[in-house]
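Here are my notes on the model, point by point. Please read them with the structure open.

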Amino acid sequence: MQTRNKTYARSLIPFSAKCLSAAFLVFVLMAIDISAQTFTFSNSTTITINSSGAASPAPSTIVVGMSGQVVNATVTLNGMSHARPDDIGIVLVSPTNKKIRLMTDNGGSTLVTLADVTFDDRVSASLSDNAGISSGTYKPSLGASGSSGDGNTHGADIASAPASPYSLLLSDLDGDDAMGTWSLYVDDDTSPTTGSISGGWTLNLTLGYAYTNPSPITIPGTGTGPAAAAPYASNILVSGISAGVTNVRVRLNNLGHTWPDDV
């Protein structure tokens, strides 16, 4: 199922920098969202979480039949129930083979019933390691696997999903083409408890235009203005688009600095 919504203007983000401390490299990705539209795709088939191993179906898939650059992505689990959610691991795999770990070893042994759980990078809340899970919106969350008393046993890989490495950032999908098969892998690592995601899952994709300058920016130990970062400024040329700008998002990728308060 697919629906479409218009994204309205939120803010324009001014960006400037002064650099006063130790040199590091910053790789920059800037995503410019021009007249973006949000599309909703759903697979309402129940996902049965078996007592151990892969859920059924494995994976649950959503086929996106339209092309466009992702500038924001969220995922909702519709009606999740489980007697011991700590056993669950969930990985989203995009058509470009980006692997996002949405949750692993969260919720302890507290019963969760028909919770609608949304994963969104833009919120501050994370799922708890041991406290119960309730309906709401959370960042992709990783429990403290192996901590005393919680019974977590998931390793680096989710057994039924493609192998790691996994990201914990849905924003790593920004700039990718949305078209293709999106796969949700759900795994239970410990018997005997079972569960389900009774309403399947929903994928919300905001599609717009993303422009990238992948060249590194070096931040020197001191300096302002033209003596600051190199290059100064780092530029992205936007051309061939007549639509008005309704929203701008800027991402700095792999920012590193010994004294970030100076930047």
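**Notes on the predicted model**

1. Confidence. The chain averages a pLDDT of 83, and 82% of the residues score at least 70. pLDDT is the predictor's confidence in each residue, from 0 to 100. This is a predicted model: local features need pLDDT of at least 70, side-chain atom pairs count only at pLDDT 80 or more, and totals for chains, interfaces and linings use all residues. Residues are numbered from 1 along each chain as its sequence is written, and side-chain values use heavy atoms, with hydrogens and water left out.

2. Main core. The largest nonpolar core has 37 residues. Here a nonpolar core is a set of buried Ala, Val, Leu, Ile, Met, Phe, Trp, Tyr and Cys residues joined through side-chain atoms within 4.5 Å. Buried means under 20% relative accessible area, exposed over 50%, and partly exposed in between (1.4 Å probe, protein chains only). Leu92, Trp201 and Leu205 have the most contacts inside this core. Strand β7 (residues 69-82) gives the most to it, with five residues. Strands (E, at least two residues) and helices (H or I, at least four) are DSSP runs, numbered from the N terminus. In soluble globular proteins, nonpolar side chains tend to be buried together.

3. Around Leu92. Leaving out residues up to four places away in sequence, Leu92 touches residues including Val75, Lys98, Leu170, Trp182 and Trp201. A second, separate core has six residues, among them Val91, Val93, Ile158 and Tyr185.

4. Salt bridges. The count comes to four. The rule asks for a side-chain nitrogen of Lys or Arg within 4 Å of a carboxyl oxygen of Asp or Glu. Arg84 pairs with Asp87, with 3.2 Å between the closest N and O atoms. Arg84 is partly exposed at 23% relative accessible area, whereas Asp87 is buried at 1%.

5. Asp176 and Lys98 meet at 2.9 Å, N to O. This pair links distant parts of the chain, 78 residues apart: Asp176 is in the loop between β12 and β13, and Lys98 is in the loop between β8 (88-93) and β9 (99-104). Asp176 counts as buried because its relative accessibility is 15%; Lys98, at 28%, counts as partly exposed. Asp172 and Arg251 meet at 2.7 Å, N to O. They too link distant parts, with Asp172 in the loop between β12 and β13 and Arg251 in strand β17, 79 residues apart. Asp172 is partly exposed at 23%, while Arg251 is buried at 16%.

6. Two alanines in loops. Which residues does Ala163 contact, leaving aside neighbours within four places in sequence? They are Lys99 and Asp157. Ala163 sits in the loop between β12 (141-142) and β13 (180-188). Its C-alpha is 8.8 Å from that of Lys99, 64 residues apart in sequence. Ala163 is partly exposed, because its relative accessible area is 43%. Ala58 lies in the loop between β5 (53-54) and β6 (60-64). Ala58 is exposed, at 51%. Ala58 and Leu184 are 7.8 Å apart, C-alpha to C-alpha, and 126 residues apart in sequence.

Notes:
Contact means heavy atoms within 4.5 Å.
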